Amino acid sequence: MSAPTAPSSTRITIGSARRLRGEITVPGDKALSHRAVIFNSIGEGVAHITNFLPGEDCLSSIACMRQLGIQIEFDEEARTVVVHGKGLRGLEEPSDILNAGNSGTTMRFLSGLLSGFPFQSVITGDGSLRSRPMKRVIEPLKLMGSNISGRKNDTLAPLVIRGGNLKSFRYDLPVASAQLKTCLLLAGLYAEGDTVLGGLIESRDHTERFLTAMGAPLEKTADTLVMHGPARDLKALDVEVPGDISSAAFWLVAASVHPDADLTLRKVGVNETRTGVIDVLRQMGADITFENETLVGGEPVADLRVKSARLQAGHIGGSIIPRLVDEIPALAVAALLAEGTSEVRDASELRVKETDRIAAIAKEFGRLGVEVATRSDGFSINGPVSGLKGSLVESYGDHRLAMALAIAGLLLPAGEALEVEDFHCADVSYPGFWDDLARIAE
Ligand code: S3P
């Protein structure tokens with residue numbers, strides 16, 4: 001292809017690619033990088049983290065934990081982090097407002113953790129994060145006994161927290177959100193008695209695996225998670241972070257829909273609470289194989305080989321949604337070349353991600369000449385779309401939208417080009433995305 005070029009400081013141009021070839025090592029998993037820093041801050045002793053994701057969201061977690069008195073060494077080039085944990089009671093009252101930036105994970109995890117401490121803290125974030133729903137964490141944390149409040153009648157950040165004296169409680173999660181689940185499990189470490197979570201607890205399980213490996217008193221039954229608080233000391237846990245399947249998803253889709261593609265993605269985390277994107281692509285007819293499967297730090301990892309395929313329409317809804325919620329912008333691109341009407345349902349959470357992803361996909365795909373029919377909890381696309389048009393598209397500062405649009409650009413007819421406005425936001429989860437794109441697209 002015409003390699004991506006950045007004509008202005010905020011826009012990048014993508015042209016059609018003749019072939020996609022090569023190997024990519026996607027950066028470390030975002031969800032695990034956050035957990036490795038935040039959880040080890042309350043561990044006993046020193047934890048070494050390798051293949052840490054140096055994306056902006058995870059840097060927000062490091063900055064906040066440092067403000068809470070934790071010594072953290074970060075080597076950006078080596079992608080290593082050393083966390084000097086101070087134990088379960090070791091956090092200190094911050095002398096200034098904590099800033100989670102664009103990171104919902106940082107804000108929601110810290111709201112639960114800080115509810116365990118009897119000092120005051122305030123957490124804010126950027127404009128996008130200050131408009132995302134926080135009632136889901138404020139309401140249950142109050143029931144546990146935390147003094148937490150938020151703007152607009154306890155629905156939005158900034159959040160003001162004075163914790164301590166948490167009591168046992170039982171709560172059915174009303175949304176399948178790993179951020180909410182983690183928030184309450186972290187608070188549960190400090191509660192007097194059991195924190196019992198039921199309802200929609202099936203979402204990515206990294207927190208359960210991680211806290212259990214640290215020695216937390218966490219028990220899983222058929223339909224509940226129980227934290228037997230208050231916890232005793234947690235062990236520091238060294239972590240080798242696997243590659244992020246949410247980042248690999250862009251290449252899985254690009255290679256599946258491109259007529260001449262063969263890509264190998266090295267050392268990708270394939271925890272089955274995250275692999276919905278592979279299940280759906282395979283159901284659509286994708287040619288994806290696992291090679292060199294192994295376990296790294298308790299998480300399954302594999303090399304993924306993906307080649308061009310003819311795709312049929314995908315039908316995405318129900319219990320698979322939490323297993324692929326971040327990959328829906330990429331899957332929307334797969335729908336462009338799949339035969340038939342692809343549909344996404346039961347995904348109203350997309351409305352409250354970094355941007356309203358349903359509205360944004362409809363609007364920006366519309367600029368490429370694609371008609372997207374929307375509903376409150378999803379959308380549908382009739383494929384295959386012929387004659388995609390080059391255009392200027394907007395990312396809304398949403399990393400996953402910027403990367404999904406870029407992949408769509410590879411499918412343009414020869415001579416057409418796509419310009420992505422505000423492309424730097426890809427750094428939130430995938431620093432180096434544009435370089436990888438230039439390298440594999442010929
Ligand atoms: C995350 C959980 C998901 C996901 C986010 C990271 C996590 O959010 O979208 O990118 O690290 O636990 P929800 O739990 O709100 O669905």
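Author: Ile440 is found in helix 13, where a helix is a DSSP run of H or I of at least four residues and a strand a run of E of at least two, each numbered from the N terminus. The model is predicted, so local features need pLDDT of at least 70 and side-chain atom pairs count only at pLDDT 80 or more, while totals for chains, interfaces and linings use all residues. Residues are numbered from 1 along each chain as its sequence is written, and side-chain values use heavy atoms, with hydrogens and water left out.

Reader: Why is Ile440 called buried?

Author: A residue is called buried under 20% relative accessible area, exposed over 50% and partly exposed in between, with a 1.4 Å probe and protein chains only. The value for Ile440 is 0%, and therefore Ile440 counts as buried. Leaving out residues up to four places away in sequence, Ile440 touches Arg19, Leu20, Arg21, Ile24, Trp251 and Leu263, where contact means heavy atoms within 4.5 Å.

Reader: How do you know that the buried residues of helix 13 line one face of the helix?

Author: Helix 13 covers residues 433-440, and its buried residues are Phe433, Trp434, Asp436, Leu437 and Ile440. Their directions, taken from the helix axis to the C-beta atoms, fall within an arc of 160 degrees, so these residues line one face. An α-helix has 3.6 residues a turn, so residues three or four places apart point the same way. The buried residues of helix 13 pack against strand 1 (11-15), strand 2 (20-24), helix 8 (245-257), strand 15 (261-269) and helix 12 (399-409).

Reader: What makes a group of residues a nonpolar core?

Author: The term is used for a set of buried Ala, Val, Leu, Ile, Met, Phe, Trp, Tyr and Cys residues joined through side-chain atoms within 4.5 Å. The largest such core has 84 residues, and Trp251, Leu281, Phe365, Phe379 and Phe433 touch the most other members. Helix 8 gives the largest share of this core, 10 residues. Apart from it lies another core of 67 residues, among them Ile38, Val137, Ile161 and Ala216.

Reader: What makes the link between the side chains of His399 and Ser429 a polar contact?

Author: A polar contact is a pair of N or O atoms within 3.5 Å; within protein, one atom must be able to donate a hydrogen and the other to accept it, and residues adjacent in sequence count only if both atoms are side-chain atoms. The link between the side chains of His399 and Ser429 is 2.7 Å, which falls within that limit. His399, whose place is in helix 12, is buried with a relative accessible area of 0%.

Reader: Why is Ser128 called buried at 19% relative accessibility?

Author: The value of 19% lies below the cut-off for that term, so Ser128 counts as buried. Ser128 sits in the loop between strand 7 (120-124) and helix 4 (135-144), and its side chain reaches the backbone oxygen of Glu354 at 2.8 Å.

Reader: Which class, buried, partly exposed or exposed, do Asn292 and Asp422 fall into?

Author: Asn292, in strand 16 (residues 287-296), counts as exposed because its relative accessibility is 55%. Asp422 is found in the loop between strand 23 (417-421) and helix 13, and its 29% makes Asp422 partly exposed.
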